[in-house]
Amino acid sequence: MDQQQFYDLLNDRMRRYGASPLDPTQVITITASPDYLASYDGQVAALVACNLLGRLSPSVQIGYTDLPIHPHLPWAGSSLVRHTMEGMVATNPFGTYGARPLAAGDFRFHLGQDGHETIVHGSGWNAYIGPAPSPLPPIKADVGTGAALAVVLGAAHLFRTRFGAMIDPFACNAWDWTDVPKLVEFSPIGASVGHVVTAGLGSVGSATNYFLALATRDFRASLIDHDHVGIHNITRSPVFTDAHAKIGLAKVKAVAAFLREAGVDEVAVDPVAFHESALWNSREAGSTDVLISAANEFNVRYHIEMGFPPIQLYATTGRNWQATLMRHVPGAKACSLCVFPPDEKFAPTACAMDGPRPPQTAVVEDRVDAALPFLSFAAGIMTAAEVLKLTAPGYPLSAERVMLGLKGQPLLVGTPIPHRTGCLCEGRHKAVHQAAVAGSRYAEFAI
Ligand SMILES: [Zn+2]
C-alpha cells in the first residue's frame, strides 16, 4: 500500500464526518514543564497528547526531556520519550515523528501549569486550557483524568481553529462534570473496580479500556466484539495500530493484548456479536459488575436490556462535535432503549398521522461510523472516569447524561434521562432485575 492509499483510508471517517485533516506540513511540538512532567498527572498528559496528536497529525515532535515512566502507570520505569515515540510511529508508518527541541515555526502544545503563553493543564479531576498560569487548585492526589481531558480539549481547539492560539480560557471537572474546578483529593489509582464487560470494542470501547488501565490494572476485563481492526479505525482509538490493521486483527484481541501488556491479568475475549456471545448469554447472575455498552449494531441495546444488565456506562459521539456520557442504573426510570429506541430507522413515518410524536429526547443513534479522533477519546475518558468513580464515596456524582460539546468553546451540560413512554422497560419486572444483579459489586446503586 502506498502513502496516498494509506492516508485515504486513515482519514476516511474524518472526511465522512465533514472535516478535513490538518495541514501535514505544520509541525506540532509537545513541550512540558519539568515539574509537571515528573508527576503522574503530567505523564498522563504527555501519553495522551502524543497518542492523540500523533493520530491527528503526521508531523509531531516530542520537545520534552526524557524521564522514567511514573511508578503508578503501566510501563513504569521505561523511557517516557521512547514509549510515546514508538506509540506514534506504530500508528502511522508514513508520519514524521521525532524528539527534538522546539524550533521556529512549530505549533507548540505545552503541558503544565505555566511555562508558555497558553497551556494545557489537568490536575486531579480538573482540566484547563487557555492563557497561563493555570487557575486550577493544587491537588496532591494522582488522578490523571483531568490531565487526559485537558489534552482532549486542547487537541479539539487545535483542530477546530487550525492551530489557533488558545486565547479564551476554559476550565471544567470530570468529578461532577461541571465547568467549575473542584478541590477533590479522591485518587482512583489502583482502585479495584471488579468485572468490567465491554460490549463493542470500537473507538469508544477501546478508549475506555485504555483510560481505565492508565489508572488501575485491578479489574477483570471481558471484551465482546465481532469486528476487526482496519486502517480507518486507527485515528479514533488510542489502542489500534497499523500492525493490527495489516493483519485485520480482531478488535477484542488488539485490546486484550494492550491490557495484558499494561498489567491486567484477567482478560477474556469473545470475538462475536454481542447477541451471540456466550460470555454474556451464559454468565451467572451477579457476575458482571459494570457493563460498558459501546456497541450499536444488531439491536444490541435490546439484547442488553432484555438481559437484565448491571449498571451501564457508555458515551456516544455525535454529529455535532459532541460526546455524550450515559449512565443507566437497574431500576431507574430510563433504560438505554428509552434513549435509543429499537429499530428507529425502520419506524413507519406514518406515525406522525397517528398523533404527536414522542418528545425528541429519544434521539436516533448515529449509525454512521464516523467521528473525530478527539471525540472518541473524550467518550473513552468520560466512560472510564465514571467506572473509576464507582468506588468513590457519594457516587453517582452527576446527572445521568452529560454532554461535552467541542464545536466552539467547550460546553458541558448534564441532564436527567427521561423515560420514553411505551419503552420495553415498562414490562420489565423490577424484582427480577434486582435479583439478576444481586451479588454484583454495584448492586447497591439499583433503585
Ligand atoms: Zn426504557
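Me: Is K251 buried or exposed in this model?
Reply: K251 is buried, with a relative accessible area of 6%. Keep in mind that this is a predicted model.

Me: What does K251 form a salt bridge with?
Reply: Its partner is D227, and the closest N and O atoms are 3.0 Å apart.

Me: Where do K251 and D227 sit?
Reply: K251 is in helix α9 (residues 251–262), while D227 is in the loop between β9 (219–224) and α8 (242–247). They are 24 residues apart in sequence, so the pair ties together separate parts of the chain.

Me: And D227, buried or partly exposed?
Reply: D227 is partly exposed, at a relative accessible area of 30%.

Me: How many salt bridges are there by this rule?
Reply: The count comes to nine salt bridges. One of them joins the side chains of D242 and K246, at 2.6 Å from N to O.

Me: Where do D242 and K246 lie?
Reply: Both are in helix α8, four residues apart, which is about one turn of the helix. D242 is buried, with a relative accessible area of 7%, whereas K246 is exposed at 63%.

Me: Which residues are linked in a network of salt bridges?
Reply: D12, R13 and R16 are linked that way. Within that group, D12 and R13 form a salt bridge whose closest N and O atoms are 2.4 Å apart. D12 is partly exposed with a relative accessible area of 23%, and R13 is buried with 12%.

Me: Changing topic. What are the domains?
Reply: The domain assignment gives domain 1 as 24–173 and domain 2 as 194–445. Their C-alpha centres lie 27 Å apart.

Me: How many residues of each are in contact?
Reply: 30 residues of domain 1 are in contact with 35 residues of domain 2. Together the two domains bury about 2,600 Å² between them, with 71% of that on carbon and sulfur atoms.

Me: Which residues in domain 1 lose the most area to domain 2?
Reply: R55, W75 and R160 do, and together they make up 23% of what that side buries.

Me: What's the count of salt bridges between the domains?
Reply: Zero salt bridges are counted between domain 1 and domain 2. The interface does have eleven residue pairs in polar contact.

Me: Which elements of domain 1 give two or more residues to that side?
Reply: Those are α4 (40–56), α5 (80–91), α6 (145–161) and β7 (170–173). The largest share comes from α6, with nine residues. By class, the side of domain 1 that touches domain 2 has 22 nonpolar, five polar and three charged residues.

Me: OK, what about K389, where does that one lie?
Reply: K389 lies in helix α13 (residues 373–389). K389 counts as buried because its relative accessibility is 0%.

Me: What is K389 in contact with, leaving aside its neighbours within four places in sequence?
Reply: W125, A174, W175, W177, Y395 and L397.

Me: And A199?
Reply: A199 is in strand β8 (residues 194–199), and it is buried, with a relative accessible area of 0%. With neighbours within four places in sequence left aside, A199 is in contact with I224, F274, L291, I292, S293, A294 and A295. The C-alpha atoms of A199 and L223 are 6.5 Å apart, although 24 residues separate the two along the chain.

Me: You listed Y395 as a contact of K389. What kind of peptide bond joins Y395 and P396?
Reply: A cis one, with omega about 0°. P396 is in the loop between α13 and β14 (401–405). Another cis peptide bond runs from A132 to P133, with omega near -5°, and P133 is in the loop between β6 (126–131) and α6.

Me: Why point those out?
Reply: Because most peptide bonds are trans, and most residues other than glycine have a negative phi.

Me: So what phi does F298 have?
Reply: F298 has a positive phi of about 50°, although it is not a glycine. It is in the loop between β11 (290–293) and α11 (300–306), and it counts as partly exposed at 46% relative accessibility.

Me: And F308, what's its phi?
Reply: F308 has a positive phi of about 50° too. F308 is in the loop between α11 and β12 (312–317) and counts as partly exposed, at 23% relative accessibility.

Definitions and conventions: Residues numbered from 1 in each chain as written. Predicted model: local features only at pLDDT ≥ 70, side-chain atom pairs only at ≥ 80, totals over all residues. Heavy atoms only, no water. Domains from an automatic or database assignment. Contact = heavy atoms within 4.5 Å. Buried area = accessible area lost by both parts, 1.4 Å probe. Salt bridge = Lys/Arg side-chain N within 4 Å of Asp/Glu carboxyl O. Polar contact = N/O pair within 3.5 Å; in protein donor to acceptor, adjacent residues only side chain to side chain. Nonpolar A, V, L, I, M, F, W, Y, C, P; charged D, E, K, R; others polar. Buried < 20%, exposed > 50% of the residue type's maximum accessible area, 1.4 Å probe, protein only.
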